[in-house]
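We'll walk through a sheet and then zoom in on a single residue.

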Amino acid sequence: MFNSLRRFSFVFLIFYATMAVGPAFAQNDVTQPANTYSLEDCIKIALETNPQLKQSELTVQTNGNIYAQSKWQRWPSISFSAGQGFSSGRNIDPFTNQFVQQNINSNNYQLGGQVTLFNGFQIKNTIKFNEANYNASAKDLDATRNDIMLNVALSYLQVITNQELIEVARRQVDASNLQVARTAKLVEAGTLAESNLLDLKAQLANDELTLVNAENNLETAKLNLKQYMNMPGSEQINVVKIEVADPSLKVYDATIQEIFETALANLPQMKAANMRIEAAKTNVDLAKGAAMPSLTLSGGVYTAYSSAAPKERFVSDGSGFTNTDVISKTDYIIVNNQQVPIVQKISVPNGALRTFGYLDQLNFNRNSAINLNLNIPIFTNFRVKYNVANAKLQQKTYEYQAQQVLLTIRKNVEQAYIDMNNSAKRYSATANQVRALQETFRVSQVRFDAGAINSVEYNIAKANLDKANGNLVQTKYDYVFRTKILDFYMNRPLSDF
């Protein structure tokens, strides 16, 4: 995540931000030529077409679903089941539980539910663990998005830098062409020797080669940009130029420690590392919870149908009982040498025979149950012990990873601060060099026109100035870029360049 590219690359996210907020970079407010892209356009296309970013987004969505589902574990689970059976021969009647010799069709229906009342806080800790994983993956997505934007912006500004170097090279070629044309006239007039003209033409050829090299570098930079945008290399693109003001070389208004502390508080890499530590701590509690008792509450409603059940049954209407005398046909007593049947008084519930259909039997057979289940782990083959030990080791691993991220951020901040100071010195020295060589070249040109020096001395003065102008462009962008690296670490939304 943090590689050598960081020394230059953090600044480019700042450029992206300024495109959105800075009036100086509101390119989308005007009509752009065809195949011309602003930095905001390039970053948008890269983000929309990058498969690595899409994979990170899917990871975040997956972890979000896992987190959302884990919160539903607090709620009861409800299920419904149904069964169809057919048996022949000697069977047990599911209605009477007695043996019968007939074919039987049967149906069973069950609606049940279960809720966990306590399981060692594993539901609570699972929710916390999944939430931390979800948030950490979201920060990873931010880091991936940052890397893409930084790489695109790096290539974008390499294009702009090469465009400016081309302008410098063209000015060199134009100046050499003018001098060759002027010297040619003086040679024709016999004022100067022809060797002066040949030397100037050689210098012109060198300037033209420099221009060709700059144009080739521009095409290479454009190819890199198109590759980050996942565009075909054959497609022609142009970029909207960002005007960068000459740096003022002011002392940076924050110390290394202040920059470091701000970076720690804002970079997604550090946040993701800390979230994974919290997830690992929760995972330790989750592993310990497996050794605690669990208490669950379950219940259900059940019913069944059997084709062996009688189709007619006496069903009480609930209005009470009727006393009836029943004369026995087999039991009697002898009175006066005569058999007298025994008469019994029985109470019969009021009601009537009723034909039972399919739904009637299901309703009649309905029953319900509720259960409270307690499970106490006694010996689990030390599974809990080693799971807890591994969870603690995982926590240590994430803690060391977080330390590595912290050290890397500190290293990058310190390196960026030193690079900024060194770049400021180079820019100041190069600017002084350009001013001195401009005056030297002005004097050389006057003396050459007057014939006081030869073309070799003139070409040396011009070559030195041309090289210094190119160096000034590079050191200017280098200093500004390195300053914006620190601004990025400071989380500053900038619009002035």
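In this predicted model, four strands make up an open sheet, and reading across it gives the order β2-β5-β7-β10, with antiparallel pairing. As a bit of background, strands in a sheet pair through backbone hydrogen bonds, and they can do so in parallel or antiparallel fashion.

Have a look at the two ends of that order. β2 (77-87) and β10 (367-375) are the edge strands. Each of them has a single partner strand, so one side of each is left without a neighbour in the sheet. Going from one strand to the next, the twist averages 20°.

Now follow β10 to its partner. Strand β7, which covers residues 294-306, runs antiparallel to β10, and nine bridges join the two.

Next, hop over to strand β9 (residues 338-355), where you'll find asparagine 350. Is this asparagine 350 buried or exposed? Its relative accessible area is 19%, and since the cut-off for buried is under 20%, asparagine 350 counts as buried.

So what does the side chain of asparagine 350 make a polar contact with? One partner is the side chain of threonine 322, at 2.5 Å. Another is the side chain of serine 319, with a polar contact of 3.1 Å. Both residues also turn up in the list of what asparagine 350 touches beyond four places away in sequence: Phe314, Val315, Ser316, Asp317, Gly318, Ser319, Gly320, Phe321 and Thr322.

Technical notes. Residues numbered from 1 in each chain as written. Predicted model: local features only at pLDDT ≥ 70, side-chain atom pairs only at ≥ 80, totals over all residues. Heavy atoms only, no water. Pairing = 2+ DSSP bridges. Axes fitted to C-alpha atoms, helices over the stretch in contact; angles between N-to-C directions. Buried < 20%, exposed > 50% of the residue type's maximum accessible area, 1.4 Å probe, protein only. Polar contact = N/O pair within 3.5 Å; in protein donor to acceptor, adjacent residues only side chain to side chain. Contact = heavy atoms within 4.5 Å.
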